[in-house]
Amino acid sequence: MKVIALPGTLDTKGKEFRYVKDQIEKLGMKALVIHTGVFEPTFEPDVSNEDVAKAAGYDLKQLVEKKDRALATKALSEGMKALLPKLYKEGKFDGVLSFGGSGGTALVTPAMRELPLGVPKLMVSTMAGGNVSH
């Protein structure tokens, strides 16, 4: 059975990620959900945001206490860059799909670039349109 890694901010876009997870499963595949947000997820992921932060040497609770979005985004992005290739090498997924705004895009796409050539990667982003003023 094919597995699609589904990393995303389950604290702010949990409803949308749950919908996509359900659609992947309806197609007969499995979703490996990775929480890249700072706060509590709206549903239980397969990989927690604590695990993502830890992969880059950060403590999630300390990141939350600092209330610094830029630092949290940097830490979780670094964690994803370390964690996503590791999970792929372990055979945990076959391709990756994510979506989001500027924060979600900044968190996940650097990790996608760390995957080998030929691994399917898809990011759906509001940033692609260029005009994000609305």
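A residue is called buried when its relative accessible area is under 20%, exposed when that area is over 50%, and partly exposed in between, using a 1.4 Å probe and protein chains only. The model shown is predicted, so local features need pLDDT of at least 70, side-chain atom pairs count only at pLDDT 80 or more, and totals for chains, interfaces and linings use all residues. Residues are numbered from 1 along each chain as its sequence is written, and side-chain values use heavy atoms, with hydrogens and water left out.

**View 1. The whole chain, to get your bearings.** Welcome to a protein chain with five helices and four strands; helices (H or I, at least four residues) and strands (E, at least two) are DSSP runs, numbered from the N terminus. Starting at the N terminus, the order of elements is β-α-β-α-α-α-β-α-β. The C-alpha trace spans about 40 × 35 × 30 Å along its principal axes. Of the 134 residues, 45% count as buried.

**View 2. Helix H4 and its surroundings.** Helix H4 covers residues 69-89, 21 residues in total, and reaches 30 Å from its first C-alpha to its last. This is close to the 30 Å expected at 1.5 Å a residue, where the expected span is 1.5 Å times one less than the number of residues. Which residues of H4 are buried? They are Ala72, Ala75, Leu76, Ser77, Gly79, Met80, Leu83, Leu84, Pro85 and Leu87. Their cover includes strands E1 (3-8), E2 (30-35) and E3 (95-100), together with helices H2 (49-55), H3 (60-66) and H5 (102-113).

**View 3. The two ends of H4.** After H4 comes Gly91, whose phi is positive, near 80 degrees.

**View 4. Lys86 and Glu90, a salt bridge.** The side chains of Lys86 and Glu90 meet in a salt bridge at 2.8 Å, N to O; the term stands for a side-chain nitrogen of Lys or Arg within 4 Å of a carboxyl oxygen of Asp or Glu. Lys86 has a relative accessible area of 44%, so it is partly exposed. Glu90 is partly exposed too, at 42%. The structure holds four salt bridges.

View 5. Arg18 pairs with Asp22 in a salt bridge whose closest N and O atoms are 3.5 Å apart. Because these residues sit four apart in helix H1 (residues 14-26), about one helical turn separates them. Arg18 is partly exposed at 37% relative accessible area, and Asp22 is partly exposed at 29%. Lys21 and Glu25 form another salt bridge, at 2.6 Å, N to O. Both lie in H1, four residues apart, about one turn of the helix. Is Lys21 buried or exposed? At 14% relative accessibility, Lys21 counts as buried, whereas Glu25 is partly exposed at 34%.

**View 6. Thr36 in its loop.** Look for Thr36 in the loop between E2 and H2. With 1% relative accessibility, Thr36 counts as buried. Setting aside neighbours within four places in sequence, Thr36 touches Pro7, Gly8, Thr9, Leu76, Met80, Leu107 and Val108.

Key: Contact means heavy atoms within 4.5 Å.
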